[in-house]
Amino acid sequence: MSCNCAVLTSEENIAKNKDVYENAFRVDARPQAIEPFDKEWGVAISGNTPEPSPFPRINRILSVTKKTTNGFVAPDRAELVTRAYREHPGESRIVKCAYGIKYTLEESPLYIYDDELIVGGLGCDKKGAPVHPEFGLNWVVDEMRDGLMDYSEKRTHDYFSYTKDTQERMEALREFWNGHTVEDLTNSLAGEEALKGSHAGKGVFFADAYIFCGAGHLGLDYERLLSLGFGGIRAQIEREMSTLDLSRPEDMEKRTFYRAALIANEGSINHCRRYAALAREKALSCADKARAAELERIAENCEWIAENPPRTFWEAIQLVHLANCMILIECNGHSISYGCFDRYMLPFYERDLASGEATREQCQELIENFFIKIWDLNKLRNHVLIKTFGNGGIGGPALTVGGLLPDGSDCTNDLTYMVIDAHAHVRVPCPWLAVRLHANTPWELKVKTANCIRMGTGEPKIFNDDVTIPSMMSSGVSLSDARNYQVVGCVEPDVSGKTYGWHDAGHMNMAKVLELAINDGRCLHCGESCPRWSVCGKLGKRLGIRTGSLADMTSFEQVKEAYDRQMEYWCTQMVTLLNAVDKAHQALRPLPFLSTVMDGCVEKGVDVTMGGTRYNFTGPQGIGIGTVGDGLSTIKQLVFDEKKVTGAELLQAVEDNWVGHEPLYLLVNSKNVHHYGNDDDYADELTKFGMDTYCKHIERRPNAHGGFFQPGCYSVTVNVAHGVNQWASVEGRTAFEPVSDCMGAVHTHCCAHDVNGPSAICRSVTKLDHARATNGTLLNWKFSPSTMVGEVGRDNFIALLDEYVHRKGMHSQFTVASQETLIKAQEHPEDYRDLLVRVAGYSAYFVELNRQLQDDIIGRTELSFS
Amino acid sequence: MLKNTEGEALGVITNIQRYTIHDGPGIRTELFFKGCNLRCPWCSNPETVSPARELGVYPKKCIGKQKCGLCAGACPLGGESPLRFDGEGLPLPAGTAAACRDCFRCANECPGEGIKIWGELYTVPELVRLIAQDRSFYQRTGGGVTLNGGEALLQWEFARQLCRACREDGINTCVESALNVPVEHMLAVLEYTDYLICDIKHMDTARHKALTGSGNERILENIKTASEQGAAMVIRTPVVCGYNDGEENIRAAADFIKNELGNRVIQYQLLPYRRMGTEKYETLGAAYPFEDYVPPEPEERDARLAYLAAAAAEYGVNAVVGSEQKWF
């Protein structure tokens, strides 16, 4: 009777063929990453998960990866570059620079670590930071001497250790560089008027980011590099060089550029070969056969890519990593970014999968290894910059996925998902991920993105194609280039390999401009405590131009006009200083290696710093948008509409830092005054005016490298530093509190000014004209974890993203952490080493941030919906 | 029903919360109506209990009488003012100051949020205008407006007008109610209601009365009537361990849903008790009735809820823990 066939129940049948059934119900079974698109990693668990990767190798590497941005000073580069300059005294500057990078690539120490599949670094051990004396060496030597570089009470984060030997070697170079740095030349070019409001003066604006380091903020031309290889690039340089007519003066300059490019190119080829040799040497002495085979393969990869275009995913990712390291060795600019990774890597991925060269799992493992490699890189910053830039590391290595292709279709592919999975599997704050959304982004990608955000590491940020692309086109970027944009660093849209955008060039404190506008050009709290007192206030001078006092103004229109005029003046000063820095870069620090991997420089024979590539911008940001909006709103409502206080009384209250004016302090901080961020047109329209005025005075001004200025509207963390430089303000700040962050609403020590929840914020913020801020905008959201839980939390969050995209908001970043957790982490940092949070533009380990910035993040309005 | 001088209906609303996601489908704007006829000791909205407008006092948001004193100066009773201050000049919660004339001048004069009014008056058009600000979010998610409280149906005439106006404006309506009201009041509002959320706090009327001050007969009868009328309904039990988390109670509720309602509910939600709203009791000068209640550890509580949901599911009821699962 019995039959041997096992008869399965339908449930058993379904269980057995789970994959088949699940996929059968999907219209399109793609994407095929190793994780399902709707994989959940939890809500607000951040980095607090041991062994997050499915790959044992990755977890092993993570176990020896330091979760810190602290590092050490690596002296070799500074010496090698100095030697290059000394050995070629008669050469023009660009050739000296080329020998500098060549020597460094050929002689600095190399390392290959256990388990890794991708090699490359900055010519020093992990977490080491090379020194770039071209931008200034005095500060390095001084900080070492004064105890401001390594850990001390004065420097509690982003500190760098150094040996006595390193200190002596740097001191020995000091004399050579003294008076020959970008800083020296900038100061002589700019003049006193431009400096008085800068970092070197009162700090109305900062334009010093590129005085002490390279401009960075770009991505190389990945298609060019991956299709030509270093050998192909060399051939192209030689070809161009052969057509020159040296009797023509411009060709003579080109020849110098090409000579420099060839020297740098040779260095890059030899650098790859050195890694090949090192890997081979390690393979020979490696007892573990499997590892020896891996090392042998690494050697083959490096040997091949030294000159040839890569053939496989592994070779391609190796080349991408090494080329970016070389850019960083040449110039320590911030935010050297990784372009649209899921575009330029896709052909290699598809080819490998089709040929059987690699599996999806192997590619996933490589991406994860690659991410950790980026995190191992480091950069030296001075003790002042670490305060404006809250948490360092290499800084700004953005990597973009998703978005529209040049033909207008959606780009999403397996790699898009694999990149997001890779972040969830490594949970280090590198690279800085950006996901591009638009009206036709697939649901599955939105779910993947939302699930990653819900984890609470702050990654990824989301960018909106539907406003970014038209915005870039308004700056003259072609449609197909604009559709290929990457996000650079914290915020900025950029065409990788075609843009020298100076994207984060400066930061204007709009709130300080409003202060000067209503106080007749004089700082509030003007007095002996100001370092400029003896050259300014004491002599009866004032910092800004005279635009009248609020005490005397008889209509709100006069306030707006004063703000407009004061803003024009300060924008002019900032533009002047930035152009001086730009000129100094061109004169002293051309970038021959970078020029070889950018589009257009070799064709034109012009260095990238001098406008060699296609798009050339300078992008300084307006900061304190909310502070200005609420300030104008307060003045309009209380002084002119309701006449509750006089202009004189309001000015006196802020002059007195609100002491003795407490009821007024409460009033301006209360719901009884119109505030930005509440979907209230009264305040939102004034905020728009404040921002538009900044944009108006920046946009389209010519810059020094052949392009023009474009405004951005975000602060990253500079709002904290600007606040430290500013006395109280009319919207309810007390002295030295941060001004408002990015596009966000005001939150003062008294209270948050946005009280109507996320939909109101979304609507208020998108009443501003994001497209006009062609250098980028940013809104930081902070959600309480309970609101993100479950399907309801996920799908309504996606709806919020959709609406933000629909309403043409450009960019958003998310913190998902409870107030309670953040406060606990402040109290017991040792228990929260892995707590990654979104700062602004980037994620960082919370316990490594300075206290003010921690407080600023805790103070952001926590959005919870019941 | 309250009316303004133009004869327009007025609702007494304590709070308008935009972007709520747990009380009805999608993203919603939620209105909290003032006045309730149950007295649940775990209530997290004590300011909605009394139907009268009240003063809420937040001493922490006050800077003290010495520096400000505008509230005291505004009181028409002068020296007889019922406003009381502590030694540091901070106001004491009003409580039941018999002398207060409820003119709210003190709250209106307060420059900050030290004294606020619980219960603002709104006309229907004012509310519709506010609600419509998030229309695009509703359209994207199937959201709309939710009337909550307190007990929204105690202001049933106003609620009916508001729901009708929202519907006419293309905004769907959800009412969360204990349904402890005359059936005709319920039906009047239900006519313009798209979704109904109601509680079964206990199936045993004696226990229900002990918990809330009122028996459950009318509530259960109204739930049945609403169901018969075809209301799209979610039923909730706020599970308070030690009070109503007995398995037999949840089974009785599931049995009721199955047999009396023909299982026509979208979800049967078991909601965990959370200690919330205690600071609002303080603003009223009232004690939190559940002050001494010691809830179980979250893990233990969650396990209990999961167990109860599984028991309810045996009746074929779509029982879920929490409100994090989408309705549709």
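Start in chain B by selecting B:Gly11 together with B:Tyr122, its bridge partner in β6(B). Before going further, two notes on the ground rules. This is a predicted model, in which local features need pLDDT of at least 70 and side-chain atom pairs count only at pLDDT 80 or more, while totals for chains, interfaces and linings use all residues. Residues are numbered from 1 along each chain as its sequence is written, and chains are lettered from A and ligands numbered from 1 in the order in which they are written.

**Stop 1: around β2 of chain B**

Now show β2 (residues 9-20) and β6 (residues 120-123) of chain B: they pair in the antiparallel sense over four bridges. Helices (H or I, at least four residues) and strands (E, at least two) are DSSP runs, numbered from the N terminus, and two strands pair if DSSP finds at least two bridges between them.

Which residue of β3(B) stands opposite B:Gln17? Click across and you'll land on B:Glu30.

Next, bring in β1 (residues 2-3) of chain B, antiparallel to β2(B) over two bridges. Here B:Lys3 stands opposite B:Ala9. The two strands make a hairpin with five residues between them, and B:Gly7 in the turn has a positive phi of about 85°.

**Stop 2: the two domains of chain B**

Colour chain B by domain: domain 1 is 9-52 + 124-321 and domain 2 is 54-118. These bounds come from an automatic or database domain assignment. The C-alpha centres of domain 1 and domain 2 of chain B lie 33 Å apart. Their contact takes eight residues from domain 1 of chain B and eight residues from domain 2 of chain B; two residues are in contact if their C-beta atoms, placed from the backbone, lie within 7 Å. On the domain 1 side, helix α10 (residues 278-284) of chain B gives the largest share, three residues.

**Stop 3: a loop in chain B**

Pick B:Glu191, in the loop between α6 (183-190) and β9 (195-199) of chain B. Is B:Glu191 buried or exposed? It has 12 C-beta neighbours inside 10 Å, so it counts as exposed. The scale is this: a residue is buried if 20 or more other C-beta atoms lie within 10 Å of its own, exposed if 12 or fewer, and partly exposed in between, with C-beta atoms placed from the backbone. Draw a distance from B:Glu191 to B:Gln229, 38 residues apart along the chain, and their C-alpha atoms come out 9.3 Å apart.

**Stop 4: where the chains meet**

Show both chains. The contact takes 25 residues from chain A and 26 residues from chain B. On the chain A side, the elements giving two or more residues are α28 (662-668), α31 (757-765) and α32 (790-806). Zoom in on α32(A), which gives the most, with nine residues.

**Stop 5: helices of chain A**

Select α13 (residues 313-330) of chain A. Its 18 residues reach 26 Å from first C-alpha to last, close to the 26 Å expected; the expected span is 1.5 Å times one less than the number of residues. In α13(A), 18 of the 18 residues are buried, so the helix is largely enclosed by the rest of the structure.

Then try α16 (residues 360-375) of chain A, which is mostly covered, with 13 of its 16 residues buried.

For α6 (residues 138-146) of chain A, highlight the buried residues: A:Trp139, A:Val140, A:Val141, A:Glu143 and A:Met144. What covers them includes α7 (164-177) of chain A. Just after α6(A), look for A:Gly147, with a positive phi of about 70°.

**Stop 6: two open sheets in chain A**

Three strands form a mixed open sheet in the order β4-β13-β15 (chain A). The edge strands β4 (205-206) and β15 (621-623) each have a single partner strand, so one side of each is left without a neighbour in the sheet. Click A:Phe206 and its bridge partner A:His507 in β13(A).

Finish with the open sheet β12-β14-β16 (chain A), where the pairing is parallel. Between β12(A) and β14 (residues 615-618) of chain A there are two bridges, and A:Tyr500 stands opposite A:Asn616 in β14(A).
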